[in-house]
Amino acid sequence: MKQFISTQDIDSVPKLVQIAKYFKASPHGKEHLGKNKTLGLLFFNSSLRTRLSTQKAAQNLGMNVLVMNVDEEGWKIEFDEGAVMNQGEQEHLQEAAAVLSQYCDFIGVRSFASLTDREADYEEKILRGFIRYAKKPVFSMESATRHPLQSLADVLTVEENKTVEKPKVVLSWAPHPLPLPQAVANSFLEWMKQTDCELVVTNPEGFDLSEEFTEGLEIVHDQCEALKNADFVYAKNWSSFENYGATTDAFSDWTIDSRKMALTNRARFMHCLPVRRNVVVTDEVLNSEHSLVIEQANNRTFAAQAVLYKFLQDG
Ligand code: SN0
């Protein structure tokens with residue numbers, strides 16, 4: 001595996017889930033594989049789970065880890081080719097990526113969508129820039145359009161908690177005070193599509209995700225209708241793809257509460273975290289035994305470990 005940014009980079013979602021399951025059962029089962037290997041993690045945005053679970057996964061494999069919050073601690077990076085650097089940016093991606101490749105064997109990058117330039121975001125300008133100039137394998141720790149380590153953990157969580165062969169999985173838009181990226185939602189659909197489930201997306205009009213991700217899926221604009229008989233409810237806010245980056249406070253009644261959960265087939269509740277309590281989901285649902293959010297976060301370690309293992313195996 002030379003890069004990990006989407007499902008296209010792996011042979012099979014179910015096989016990678018099996019590897020993650022192996023590491024959940026035996027976290028130290030391959031603890032010498034990463035000896036003398038260095039993992040570099042670059043964050044252009046905040047993180048709690050991604051940073052700590054990826055570090056922990058690397059440690060379980062015996063790797064060394066270097067972490068940098070580039071946005072706060074590093075030079076301001078220029079991403080444009082041929083830029084005349086007489087403004088705020090002090091270092092070009094070309095040198096930054098090449099230098100990092102001297103210190104690290106594998107490079108993780110977190111860089112959220114700008115939510116201002118749809119074309120640049122959906123071309124994955126920043127992540128692809130790193131892939132182009134880094135001389136080592138690069139993986140996404142949430143890029144502009146996807147969050148594959150989260151999605152692998154999500155697929156593992158559904159797999160572990162399903163009680164029927166083909167569960168009904170509903171991805172529901174939820175309210176939020178700020179515009180958020182579409183990455184978690186896009187990626188969840190991309191990964192879940194490769195498993196045996198009935199996948200439904202529900203969101204208000206004007207908030208349909210890119211067709212690249214919803215193709216072949218049912219989009220329901222009536223949330224209560226969509227939730228009927230769901231086995232899993234995955235809540236997430238995203239800003240508009242259509243009216244790129246726009247948000248709204250018009251749909252405050254889309255919060256997931258006990259009344260909505262009562263429409264489901266005793267569904268389990270999922271969210272990638274961090275979650276705004278009593279905006280996205282009520283305390284009652286989040287505190288209930290139906291919530292899987294902490295287990296999802298736990299599974300982040302084993303998802304990252306499966307991906308790092310594939311990198312180490314392939315050299
Ligand atoms: C990020 C997102 O893509 O939605 C990361 C999720 C893993 N979430 C946020 O930025 C939440 C920030 C907020 O204001 O609640």
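Lysine 125 is partly exposed, at 37% relative accessible area; here buried means under 20%, exposed over 50%, and partly exposed in between (1.4 Å probe, protein chains only). Aspartate 80 also counts as partly exposed, with 36% relative accessibility. The side chains of these two, lysine 125 and aspartate 80, meet in a salt bridge at 2.4 Å, N to O. Lysine 125 sits in helix H6 and aspartate 80 in the loop between E4 and strand E5 (91–92), so the pair ties together parts that are 45 residues apart in sequence.

A quick word on the model: it is a predicted one, where local features need pLDDT of at least 70, side-chain atom pairs count only at pLDDT 80 or more, and totals for chains, interfaces and linings use all residues. Residues are numbered from 1 along each chain as its sequence is written, and side-chain values use heavy atoms, with hydrogens and water left out. Helices (H or I, at least four residues) and strands (E, at least two) are DSSP runs, numbered from the N terminus.

## Other salt bridges

The count comes to 12 salt bridges, taking one as a side-chain nitrogen of Lys or Arg within 4 Å of a carboxyl oxygen of Asp or Glu. Arginine 110 pairs with glutamate 142, with the closest N and O atoms 3.8 Å apart. Arginine 110 is in strand E6, while glutamate 142 is in the loop between strand E7 (138–140) and helix H7 (148–161), so this bridge ties together parts that are 32 residues apart in sequence. Both arginine 110 and glutamate 142 are buried.

Glutamate 225 and lysine 228 make another salt bridge, their closest N and O atoms being 3.1 Å apart. Glutamate 225 is partly exposed at 43% relative accessible area, and lysine 228 is partly exposed at 40%. There's also a network of salt bridges linking Lys21, Glu159 and Lys162.

## The sheet

Five strands make an open sheet with parallel pairing, in the order E1-E7-E6-E2-E3; two strands pair if DSSP finds at least two bridges between them. Strand E1 (3–4) and strand E3 (64–69) are the edge strands, each pairing on one side only.

Strand E2 (residues 38–43) runs parallel to strand E6 (residues 106–110), and 5 bridges join them. In that pairing, phenylalanine 43 stands opposite arginine 110 in E6.

## The largest pocket

A pocket here is an open set of points on a 1 Å grid over the protein atoms alone, where a 1.4 Å probe fits, with protein on both sides within 12 Å along at least five of seven lines; lining residues have an atom within 4 Å of a point. The largest pocket holds about 610 Å³ of space, a volume being the space filled by probe spheres set on the points, with grid points joined across faces, edges and corners. It has 27 lining residues, and Phe44, Ile77, Phe79, Ser111 and Ile126 are the closest to its centre.

Helix H3 (70–73), strand E4 (77–78), helix H5 (118–122) and helix H6 (125–133) each supply at least two lining residues. H6 gives the largest share of this lining, 3 residues. By class, the lining of the largest pocket has 12 nonpolar, 6 polar and 9 charged residues (Ala, Val, Leu, Ile, Met, Phe, Trp, Tyr, Cys and Pro count as nonpolar, Asp, Glu, Lys and Arg as charged, and the others, Gly among them, as polar).

## The second largest pocket

About 440 Å³ of space lies in the second largest pocket. Among its 26 lining residues, Arg110, Phe112, Glu142, Leu273 and Pro274 are the closest to the centre. Helix H2 (49–60) and helix H8 (183–192) are the elements giving two or more residues to this lining.
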